[in-house]
Amino acid sequence: MSAHIALTALVVHDYDEAIDFYTRALGFDLAEDTARPDGTRWVVVRPPGAKETALLLARAKNDAQRSRVGDQTGGRVGFFLYTDDFARDHARMAAEGVRFLEEPRHEAYGSVVVFEDLYGNRWDLLQPAA
């Protein structure tokens, strides 16, 4: 048997603003955007070239979910975006207005910088060391 985690749900305020951020600022592909009978949408974005993992952008449905938007991991880095060209992706994201919380670091494990998505969730942009 083979298994993998296919989707991680990310609670958002608005589908379209989230799609715009992830596709424009982070360069993700919109893999699916399907209307559902209950008025919600099934929205999946993924980094270019990703085949097994993606984000399900899930619009908050109630006050409890809305209170979690932007703080799904208690303020710590909860998402890790690996790249094969750190300098290229850092520069592109900076040009798109992505908010970085520190200067890029070069650690034994690779090049890394912490950034926030449009809601404040913290991410690592990371190019692993060879």
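I searched the whole structure for salt bridges, taking one as a side-chain nitrogen of Lys or Arg within 4 Å of a carboxyl oxygen of Asp or Glu, and found 10. I kept in mind that this is a predicted model, in which local features need pLDDT of at least 70, side-chain atom pairs count only at pLDDT 80 or more, and totals for chains, interfaces and linings use all residues. I also noted that residues are numbered from 1 along each chain as its sequence is written, and that side-chain values use heavy atoms, with hydrogens and water left out.

I looked up arginine 24 and aspartate 20, whose side chains meet in a salt bridge at 3.3 Å, N to O. Because they are four residues apart in helix 1, about one helical turn separates them; helices here are DSSP runs of H or I with at least four residues, and strands are runs of E with at least two, numbered from the N terminus.

I then turned to aspartate 89, which forms a salt bridge with arginine 88, the closest N and O atoms lying 2.9 Å apart. Aspartate 89 is buried at 11% relative accessibility, whereas arginine 88 is partly exposed at 44% (buried is under 20% relative accessible area, exposed over 50%, partly exposed in between, with a 1.4 Å probe and protein chains only).

Of its 28 residues, Tyr22, Leu55 and Leu57 touch the most other members, and helix 1 supplies the largest share, six residues.

Notes
Core = buried A, V, L, I, M, F, W, Y, C linked by side-chain atoms within 4.5 Å.
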